[in-house]
Amino acid sequence: MLELIDITKVYKGHKRAVDGLTLRLGPGLVGLLGPNGAGKSSLLRIAATVTRPTGGQVRFAGGDAVAKPGPLRRALGYLPQDFGVYPHLTGHEFLSYLAAVRGLAGRSARARVGELLELVNLTHAAKRPLGGYSGGMLRRVGIAQALLADPRIIVVDEPTAGLDPEERVRFRNLLSDLSADRSVLLSTHIVSDVESVATRIVVVTGGRIRFDGEPVELQRGVAGHVWELTVPPAELTALQRRLPVTRLVRTAEQVRVRVLAAHRPAPDATPVPPDLEDAYLAVVHRTRVTT
Amino acid sequence: MKAGVTAWWGLAVADFRERVRRPAYLVMLISAVGLGWLAVPPTDARWVVLDAGGHRGLYTSAYVGLVTALTSALWLTFVGFYLVRDAVARDVRTGVGQLLAAGPLRTPVYLAGKFTSNLLVLGSMAGVLAVTALVLQLLRGESRTVDPVGLLAPFVFLALPMLAVTAAAALLFETTPVLRSGFGNMLWCFVWMAGAVGGQSASAPLGGIGVGQLAGTMPATADTFGLGLMYVDRPLRTFEWSGLPLDAGFVAGRAALTLLAVAVALLPALWFHRFDVATRSTARSLPEPHTVYQGLPPTAAVAGSATGRLLAAEVLILVRGAPWWWWAGAALLAVAGLAAPPGPVLAVVWIWPVLLWSRLGTRQETAAILAAYPAPRRRLVAEWAAGVLLAAATGALPAVRMLAGADLPGLAAWTAGALFIPALALALGTLTGAPRTFQALYTVLWYMVINDVAALDFMGALPSGGPPPAAVAGAAVALFGLAFGVTRLRHARR
């Protein structure tokens, strides 16, 4: 459906945000994970036709989406990380405006705006000016606008920022439904956002793909390399210098630590089954060590 | 005390750095070089900025310093106001203000830092003008003797106080509720015009611009002394200017003006909101009902004609948020217009929506979302059309009266004007990304029209008639084309 082929993005000052990255999207949800500055947002802006790549191709339905972005834009729903709204318009008016910009027919637009407001739980606030919305409510308006034209390609950048736990669950359910027959590319650095819904995980650091596969495959890669042990607080810094620590819990006198290590790091360390966060941190750590 | 000084200077330097690292700053400096070139024209040029009773000074260091300093005192006070009038608004926009407000920084120190930063920006432009003056002195070749004190004295005693006044006024306007809006931008046009004319008088408070002191040093009387860009039939005769008379009274007046500017800059400490959002918006919390996710929307997204709805939405975006008094004023003008001839009425009703038109082309809020939407050209046309509809609606009554009176030339001028105003707003908004340029330029243009400058009468308000409506409509199309081209170029370079 959407192909990003050998994409490079170099900003002023020779800052290489994306470095020869290739990604092909079919139906399903791809969770794009990476630390801050990994190039995720740049890649998403390129996929959404907002930014031109310095090199490489973006192909959609066989056409060049860089030279002619129109066809991709008509099939795209994009939620940027940061966006603004017209504060004097109500939620309903704003979505109606964007539906008109998208070229939706009147009856279809009216119905979908109402349904999407219901979907993101904003019906009660639909007639209030957006200037009075909280950050989480605005984020939900952003989600609704991304779905206005029933897009085949959905690109969302940090979509759950500002959402409360209940809304996060609702959003995950929504993404799960959407990804049944659409391509969804979701960028985040919160692993739990993609853990339950992603059919494929792509880990990016330094503008390059470091892992591309199923979540279980990512976890399998660190099986037997995750350990838990208890150390005195005074030894914690030394341990953190030696090994990547994925979690720690302080008690009154000790610190319970979860670490990544190829071999048993201490005699009292016990092996534990890895979760997706361990696996992701292992990939990021390995990249840092080797580059 | 020491902490306050450190905070003041740190804030001023950081703010100054933030501004000078933007491409717009380079444009400002290049403009300053252009101003210098205007102030020290070639010896056979037919324009001057200072006419001393048909004379101009030989291009010595002192004289080129004087004319360039006066040029900056005259023009940087106008343009500079709009250039620096974003110091506090930027902190609101970026959220930096809230970080500062949560710290120990005191409000007067914050204002002093912003004032200093404004002054540094304007001062750096004046500095470029001073260097330009020196280069032009050597280039024109009437005097090769370089006198740094003579060159810089007019900058210190004439330009600097005026720039301080400008820097303080920009801060005062930014921090005062009514003046913070576009109304403040328009008001400054009139304040500046009054200051530029009245400030040349020898009896102006605190010496005004400072030129009242100069007449005695030149072969001119107060009546024959002219300051401003002027056309001359033939090159002026020359004389050797002796330099700026630095008597105690003059220096004290200049110092008092500068101190007054500092006081004006610090005055808003009495009412400045210090980034307290609660004073600027109503409570945000809305009760959230508990609902359950019930699946994707059942209605299909069907493509169809949306032009009418798009235009209606653009009109809504343009006028929504206008305060009640704006609508009351528009209604009052419409009623008052029944009693006066259509031309003058049109001039009045087409200044009223200037703040609404100035939003055209500047709406950055939704850029992140709309960048991935199709049909950017259709949106731009709809935006312009919304501005035209606003012009048509506010000018409807004069148009109806012209129609009733079979005033076809008047109607043609009306149509051209209705196309021209939003096209100008859209082009300037697209180019600069801010409403200030249109607010200032349109106000000046309008002021010149109501002062009988027929050549600029783009709306046909004057009995003597203005340029042909076809030319005005052509200019409107060209301006729209400019906005269109800039948008396309930005899209291509995205």
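Helix H16 (residues 396–404) of chain B packs on helix H17 (residues 408–432) of chain B at an angle of about 155°, with the axes 8 Å apart. That makes H16(B) roughly antiparallel to H17(B). Angles under 35 degrees count as roughly parallel, over 145 as roughly antiparallel, 65 to 115 as roughly perpendicular and the rest as oblique. The crossing of H16(B) past H17(B) is left-handed. On the H16(B) side, Ala396(B), Ala399(B), Met402(B) and Leu403(B) meet Gly410(B), Leu411(B) and Trp414(B) of H17(B). The residues of this contact divide into six nonpolar, one polar and no charged.

This is a predicted model: local features need pLDDT of at least 70, side-chain atom pairs count only at pLDDT 80 or more, and totals for chains, interfaces and linings use all residues. Residues are numbered from 1 along each chain as its sequence is written, chains are lettered from A and ligands numbered from 1 in the order in which they are written, and side-chain values use heavy atoms, with hydrogens and water left out.

Some terms come next. Helices (H or I, at least four residues) and strands (E, at least two) are DSSP runs, numbered from the N terminus. Axes are lines fitted to C-alpha atoms, for helices over the stretch in contact, and angles run from 0 to 180 degrees between N-to-C directions. A crossing is left-handed if the near helix is turned anticlockwise from the far one by less than a right angle, and right-handed if clockwise. Contact means heavy atoms within 4.5 Å. Ala, Val, Leu, Ile, Met, Phe, Trp, Tyr, Cys and Pro count as nonpolar, Asp, Glu, Lys and Arg as charged, and the others, Gly among them, as polar.

Helix H10 (residues 307–319) of chain B has a partner in chain A. The axes of H10(B) and helix H3 (residues 91–102) of chain A come within 8 Å and cross at roughly 140°. That makes H3(A) oblique to H10(B). Their crossing is left-handed. Glu93(A), Tyr97(A), Ala100(A) and Val101(A) meet residues of H10(B), including Arg309(B), Leu310(B) and Glu314(B).

H10(B) also packs within chain B. Its axis and that of helix H15 (residues 376–394) come within 8 Å and cross at roughly 60°. H10(B) and H15(B) are therefore oblique to each other. This crossing is right-handed. Leu310(B) and Glu314(B) are among the H10(B) residues in this contact, and Arg378(B), Arg379(B) and Glu383(B) are among those of H15(B).

The whole structure holds five cavities of 30 Å³ or more. On a 1 Å grid over the protein atoms alone, a cavity is a set of points where a 1.4 Å probe fits but cannot get out, and a pocket is an open set with protein on both sides within 12 Å along at least five of seven lines; lining residues have an atom within 4 Å of a point. Grid points are joined across faces, edges and corners, and a volume is the space filled by probe spheres set on the points.

The largest cavity has a volume of about 60 Å³. Its lining includes Arg140(A), Glu167(A) and Arg170(A). H6(A) gives the largest share, four residues. By class, the lining has six nonpolar, no polar and three charged residues.

The second largest pocket holds about 530 Å³ of space. H7(B) supplies the largest share of its lining, seven residues. That lining divides into 20 nonpolar, six polar and no charged residues.
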